[in-house]
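Work through the exercises below with the structure open beside you. Try each task before reading its solution.

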Amino acid sequence: MKRSSIIIMLVVLAMFVISWLAKASSMAGVEDHNIWHGFLITFSAFLTLAILSFLYKDNPFYKFAEHLFVGVSAAYWMSMGFWTTIVGNLIPRISNSLSAFFEVPPIADEWALLLLPDSVTFFIPVILGIMLLLRLSRNMGWISAWPLAFIVGSTAGFNLVRYLRSDFIEQVSSTFVPLLVDWQGTGHFFSHLNLNASGQFVTMAGNWVIFLGVMCGLIYFFFSKEHKGIFGFGSRVGIWILMVTFGASFGYTVMGRISLLVGRLTFLFGDWLGLIS
Amino acid sequence: MKRQVPLALVFIFGIFMIIQYFIPHEKSEWVYEFFLDWIYIIGIFALALGIWSLIRVSYDKIKYRRPNWQYAAITLLGLFFMILFGFDYGRHIFSAEGLRNYMFVSFFDYILIPIQATMFSLLAFFIASAAYRAFRARSALATLLLLAALIIMLRFNPYFGAVTPYIEKTAGWLLNVPNLAAKRAIIIGVGLGIVATSLKVILGIERAYLGKD
Amino acid sequence: MNIFDRMMSFDRRWVFLFLALVCVITYVAKFSVPIVTTYEVESIYNRVESLNEGDILFLGIDYDPNALAELHPMAYAIAEHAFRKKLKVLFVTLSQNGPGMADQAIRDLTDSLRQDRTYNGVFYPGREIVNGEDYVFLGYKPYPGLVILGMGQNFRIPFPTDYYGTPLDSIPMMKGVLNYDQVKCVIDLAAGNVADMWIVYGAGRYNVPLALGMTGVMGADYYPFLNSGQVFGLMGGLLGAAQYEQLADNPGPAKDGMRIQLYAHITIILFILMGNIGFLVTRRKNGV
Amino acid sequence: MKLTFLIACCVLFLGFPVAGFAQDTPEEAQPADSITTPIPAPPGNVTAWDTENDHGHSVSLSWEPSPDDGTGLGNVIGYIVFRSDSPDGPFVDRGVQPAGASGHTDVGSKEEASQDYMADYVDYYYKVRAITADSLVFAESVMVGPVQSYGQWFNTGRIPVLVFVLCFMAITIFFIQKAKSGANLFVRRLAGIEAVDEAIGRATEMGKPILYVLGLGTAADIATIASYTILGRVAKKIAEYQTGLIVPCYDPITMTVAQETVKTAYMDAGRPDAYNEDMVYFVTQSQFAYVAAVNGTMLRERPATNIYMGKFYAESLILAETGALAGSIQIAGTDEIAQIPFFVVACDYTLIGEELYAASAYLGREPLLLGSLKAQDYAKAAVIILAILGVIAMNVGLDGFKDLFYISN
């Protein structure tokens, strides 16, 4: 390790300790375990800065935060999954002694009315799960395709109907809008330059744009036809509208992202440094 | 056997789920909810595979002294302790109380949350750099993208005096009208894509996910 | 490498640095920025402004903590404005977590109204606002639709007593105040479908003059009601709140938020413009 | 808008306890200066029937609003629906509808355990009470019943979906057959896809690996499945060119599948030796931890090309910008509408929405896949025609046309 980097390390460490002590003393009396809490807050501030330092360049502090984050979060989801799904959902159904061990009330619900009793039916996912684990073995690996087939197959069927409904039929029928509405003046259009949805005139114009926009957008997505002539024009208009939309949503998102940053500033300046009340 | 069984399973379960959608009766609901439960449970077994892969990769890194191997140790330590806390609760080992373990909660509040929030807040910077780098009037399309973004970003900017209200209204219109049109076109396309792909999966035409291509 | 090439090819770290500086500075330095006001907010302000001393303003606190950041500033700005004009305010909440927030708002306002202030050049001496005299907080009741309809008959049906347990009849401010007929206008700050119910039952059934304050996301969907005249005003998100603070000349959290947003946006826009100027000039020079 | 609002009401008012108002005992409910409400007329012509297209445990009611609702005395503020399992009570309240409503769906629980349980094939009796703001003043309809609830075996409300499913299956299979029979199907060029080949070539020249990100989807997301197909093609080429491949995974099942896909690709390319398990590895199932790790990889491994295909959320821009910083060529494709703009802005090539699903067909040029692509196009053509017809229908006032597409529950 280079000398300079060692020095930097030491400096950061020193600063960490100082701010820890400062935090702890500032919390003395206000909170019990102030030393420990002071450490936790200082540590999360350190992690915050470590991540931000990535903006300058990849560095040991970022690497530290990153690797810690990966390990801890993986374990977090593991524990969550175990307690909520295995213990919460599976164990109570398959074995009373196990559920007694994990102190969860055994479930015997109306599944029993179905073909097989619970305990049996719920061994199937266990078996499928074990099949999945078999992929670690050299010669039994191929069997892990079965549980995958089950998951992919059932979700494919599931998605097919639901997307056909929500993303197709319902979208199509909602493009049926009146394009010629009887004239009832221009509403707030001129008085308040309200382009949003005011007045018959603007509503009508809006409907036209929406209708033609959808049509052209769809034309753009044609794959098996050369985009030439009128067809080409349609698809060009389509991509224009897409681009305008992309630009707009990009610009619109900026606000939300900035407030995320403000949130972190509040943590650093408020919770940690206590500069802002 | 190795090739045919999975494809058969995919077909059977796929068709079943389609039919199930049209049967409101309790019996079919039961089976449906059943399958969802199963998928979760299998998912947990898979997570074990995931953790195993994570451990192996990190371990190899350390063993063969690959670049940055020291950090792999940090990953493993974090993993180890978090699991320990998550599964142990004082004397009361192996109980869901683990999720309420003091250290488990502190790790969550003071390590996971701040890093997560900060990673998320990096977007504020990246959205700026992306805008600077990419919003150039290179072509007609790029210019459209650029102008639309500018109008939206100027929508509440007071330094244009009388013009601002016009900008704001235009912005509002852009967000309500062309936006809706484009999104709907995309949604319909995506919907078709999903339906077609699911169908191909069920019919066994799209089978890369089984490693059979 | 001339100036224009440089304008085109800043290292992104400069962008990061500038943005960070701008955000931190605007976050720490509490200076005020002009906010352009739009008619949908102005009409709310003007309505409140046009009321006379002693008139009753109905303020619905129908949001929960997760919409706090956007809607709380509105509540503060409007209530402060009303109290300074010696109007009487009737607080009601139809959201489960509303009472706590309304109560907090009232307490904060009581403190701030003790100070002398000058808004839009008018001097308002500090005064003590009194529960029952200057304001009444009716509290929370479930099933918004029915409560709104019920209040249209008589406030005492859904709310026999106020939030603090005092029977309405023994509250001076409520003397002779039966239902919406005695209320000058209703301003509902909602983060959910309560707003729809106010439109259908409040405005639709009892034609109360109604104005809405909503989260930024919801805002856009309610313009139709503005144009059809079912609501006379509309405030959307932080921007709407900031506009009201601007009109009432009473800078608050919303304007603080907008200050940061405004300058962050300007920074980004400037970078975009710089990049494009550089790009266009160099392209012309290279005769492409 | 109106409809959704009504639904919102139904949901909201479901199981509203009479207590809600009854708790205002006369003393407090009748303040000194309040006017005593006159008794309104009851709702008329109440009918009850088993709710259609459901799993049972539910009964629907309809009635004619009381003459004093809105009109007349105008003091009706809502209706409370009561149910009993015997003609002579006791009646329990099953929900409230606001003034103006003329129907209600009484949905019970299917769990025998819950006290809200509503048995099928059991006689129930209903009556509807018109309530005023004054809890003591109301009018009850005549009792209706007996009525039984039971589940159906076919949901007629979803017939439109069934029709579309069958039509779509039909054209898809038709074109697949056609493709099999060797009819050649034209497909327009797709820049993003053509970029893949050159990107792999470039990586080989630079002797740098290719980073393939499957996104945050699970094996259950169709976008991810489409991504596998693309991964398969890419991996095969990579194996041929002997370039490096890095596939960090967010979801363990996704990882399992990806390993399988890549392994096979290497075998097909005839280089099983070149495949090693660590090419496809699991990172973590936490969105931003995953991003943090991938960011690190980008800046340390400096891949020549980053390919993002599948489901992406807020992290899309973080990834794409870091990739650009690392100087990699970036090709993205997602069906997450909210994220497309960021990829379009920050990546060199972006597959927009449906193009992601078309991509697999492009890379493979397999007649079967191309066939289904053709089917998709015909479906789009159908949409355009339907939309035009629909608009005409709307303008000449044939609102019935829109109802053809109406899907109840």
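The model is predicted.

**Exercise 1. Give the strand order of the open sheet in chain D and find its edges.**

Step 1. The open sheet consists of 6 strands of chain D, in the order β11-β10-β9-β12-β13-β14.
Step 2. Their pairing is parallel.
Step 3. An edge strand pairs on one side only, and in chain D this applies to β11 (280-282) and β14 (349-352).
Step 4. On average, neighbouring strands of this sheet are turned by 15° against each other, with direction ignored.

**Exercise 2. Describe how β9 and β10 of chain D are joined, and what packs on the sheet.**

Step 1. Strand β9 covers residues 210-215 of chain D and strand β10 covers residues 245-249 of chain D.
Step 2. The two run parallel and are joined by 2 bridges.
Step 3. D:Leu211 has D:Ile246 in β10(D) as its bridge partner.
Step 4. Helix α8 of chain D (residues 287-301) packs on the sheet and touches β9, β10, β11 and β12 (305-311) of chain D. The direction of this helix makes about 165° with that of β10(D).

**Exercise 3. Decide whether β10(D) is mostly covered or open, and sort its residues by the way they point.**

Step 1. Count the buried residues, taking buried as under 20% relative accessible area. In β10(D), 5 of 5 residues are buried, and the strand is mostly covered.
Step 2. D:Leu245, D:Val247 and D:Cys249 point one way from the strand.
Step 3. D:Ile246 and D:Pro248 point the other way.

**Exercise 4. Locate the residues with the most contacts inside the largest nonpolar core, then follow one of them.**

Step 1. The largest nonpolar core has 263 residues, and B:Met119 and D:Tyr212 have the most contacts inside it.
Step 2. Leave aside the neighbours of D:Tyr212 within four places in sequence. The contacts of D:Tyr212 then include D:Leu245, D:Ile246, D:Val247 and D:Pro248, as well as D:Ser227, D:Ile307 and D:Met309.
Step 3. Another core, of 51 residues, lies apart from the largest one, and among its members are C:Val92, C:Met151, D:Ala99 and D:Ala133.

**Exercise 5. Explain why helix α10 of chain C counts as largely enclosed.**

Step 1. The helix spans residues 237-247 of chain C.
Step 2. Because 9 of its 11 residues are buried, the helix is largely enclosed by the rest of the structure. Among the buried ones are C:Leu239, C:Tyr244 and C:Leu247.
Step 3. After α10(C) comes C:Asp249, whose phi is positive, near 55°.
Step 4. For the whole of chain C, buried residues make up 59% of 288. The chain has 11 helices and 8 strands.

**Exercise 6. Say where confidence in chain B is highest and lowest among its elements, and which residues stay under 50.**

Step 1. Chain B has a mean pLDDT of 86, with 92% of its residues at 70 or more.

Key
Residues numbered from 1 in each chain as written. Chains lettered and ligands numbered in written order. Predicted model: local features only at pLDDT ≥ 70, side-chain atom pairs only at ≥ 80, totals over all residues. Heavy atoms only, no water. Core = buried A, V, L, I, M, F, W, Y, C linked by side-chain atoms within 4.5 Å. Buried < 20%, exposed > 50% of the residue type's maximum accessible area, 1.4 Å probe, protein only. Contact = heavy atoms within 4.5 Å. Pairing = 2+ DSSP bridges. Helix = DSSP H or I, 4+ residues; strand = E, 2+ residues; numbered from the N terminus. Axes fitted to C-alpha atoms, helices over the stretch in contact; angles between N-to-C directions. pLDDT = per-residue confidence, 0-100.
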